[in-house]
Amino acid sequence: CLGTKTADSCSRQQSTMAVPPQGTCELLKALQSIEADVRKAAEKKLEEAVKAAPNQLVGELIAVLAACGAAGAAVELRQQAAVLLRQCATTAHKHECWSELEPATKQGLKSQLLASLEQETNNTVRRNAGSAISSIADTVAERSEEVV
């Protein structure tokens, strides 16, 4: 999950995060592939994960978003993770799984998105984290859930 732009675009506070799950990093790379067959297979795998194990998927995407530093995830992968996390919380999106998430997973997601918004030095990743926060706020407002 190492990338060329990891160490220079992460804050010092995030650089102590654990190494992100390799399988999830490979999935994110495949989703960004220019090869249609590779991308299509990755999209199918993502859809299966959303349906079969949404808590595990979201937990692993959170780990990618949080992973910076020498052993962390590349900017492109953190950005993709933030986009997918937003989709998980967006009502009417094919990857929406907010209602399936356990309370601890929801809290972990909200906490990491806020930390990324505060600590991430890459503007694109920070902007995508903010979009995910906005989607969560919209979703919980529609469902009258507690925001924090």
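Student: At 12% relative accessibility, does Q87 count as buried or exposed?

Tutor: The general idea is to compare a residue's relative accessible area with a cut-off, and buried means under 20%. This is a predicted model, and in it Q87 counts as buried because its relative accessibility is 12%. The residue sits in helix α4, and once neighbours within four places in sequence are left aside, Q87 is in contact with H93, H95 and E96.

Student: How does V83, at 18% relative accessibility, count?

Tutor: V83 also belongs to helix α4, and at 18% relative accessibility V83 counts as buried. The C-alpha atom of V83 is separated by 7.1 Å from that of A132, although the two residues are 49 apart along the chain.

Student: Which residue would show me the partly exposed class?

Tutor: Partly exposed covers the range between the buried limit of under 20% and the exposed limit of over 50%. E47, with a relative accessible area of 32%, is therefore partly exposed. This residue is found in helix α2, and E47 touches K94 and H95 when residues up to four places away in sequence are not counted. Between E47 and E96, which are 49 residues apart along the chain, the C-alpha separation is 9.9 Å.

Student: How many helices and strands does the protein chain have, and in what pattern do they follow one another?

Tutor: The secondary structure comes to 6 helices and 0 strands, and along the sequence the pattern reads α-α-α-α-α-α. Of the 148 residues in the chain, 45% count as buried. The chain exposes about 7,600 Å², and carbon and sulfur atoms supply 52% of that area. As for contacts between residues at least 6 apart in sequence, 71% of them join residues at least 24 apart.

Student: How many of the residues of α4 are buried, and what covers them?

Tutor: For a whole helix, the reading begins with the buried residues and then turns to what lies over them. In α4, 12 of the 15 residues are buried, so this helix is largely enclosed by the rest of the structure. The buried residues include V75, L77, R78 and Q80, as well as L84, L85 and C88. What covers the buried residues of α4 includes α1, α2, α3, α5 and α6.

Student: How far apart are the end C-alpha atoms of α4, and what should its residues span?

Tutor: At 1.5 Å a residue, the 15 residues of α4 should span 21 Å, and the end C-alpha atoms are 21 Å apart, which agrees.

Student: By what two quantities are packed helices described?

Tutor: Two packed helices are described by the angle between their axes and the distance between the axes. For α4 and α6, the axes come within 8 Å and cross at roughly 10°. That angle makes α4 roughly parallel to α6, since angles under 35 degrees count as roughly parallel. Where these two helices meet, the α4 side includes V75, R78 and V83, and the α6 side includes V125, A132 and I136.

Student: At what angle do α1 and α4 cross?

Tutor: The axes of α1 and α4 come within 10 Å and cross at roughly 90°. That makes α1 roughly perpendicular to α4. The residues that meet are C25, L28, K29 and L31 in α1 and L77, Q80, A81 and L84 in α4.

Student: At what angle do α1 and α2 pack, and which hand does their crossing have?

Tutor: Helix α1 (residues 22-31) and helix α2 (residues 36-52) pack at an angle of about 130°, with their axes 8 Å apart. The two helices are therefore oblique to each other, and their crossing is left-handed. In this contact, L27, A30 and L31 of α1 meet α2 residues including V38, A42 and L46.

Student: Which residues of α1 are buried, and what covers them?

Tutor: The buried residues of α1 are T24, C25, L27, L28, A30 and L31, and what covers them includes α2, α3 and α4.

Key:
Residues are numbered from 1 along each chain as its sequence is written. This is a predicted model: local features need pLDDT of at least 70, side-chain atom pairs count only at pLDDT 80 or more; totals for chains, interfaces and linings use all residues. Side-chain values use heavy atoms; hydrogens and water are left out. Helices (H or I, at least four residues) and strands (E, at least two) are DSSP runs, numbered from the N terminus. Buried means under 20% relative accessible area, exposed over 50%, partly exposed in between (1.4 Å probe, protein chains only). Contact means heavy atoms within 4.5 Å. Accessible areas come from the Shrake-Rupley method with a 1.4 Å probe; for residues, only the protein chains shown count as cover. Axes are lines fitted to C-alpha atoms, for helices over the stretch in contact, and angles run from 0 to 180 degrees between N-to-C directions. Angles under 35 degrees count as roughly parallel, over 145 as roughly antiparallel, 65 to 115 as roughly perpendicular and the rest as oblique. A crossing is left-handed if the near helix is turned anticlockwise from the far one by less than a right angle, and right-handed if clockwise. The expected span of a helix is 1.5 Å times one less than its number of residues.
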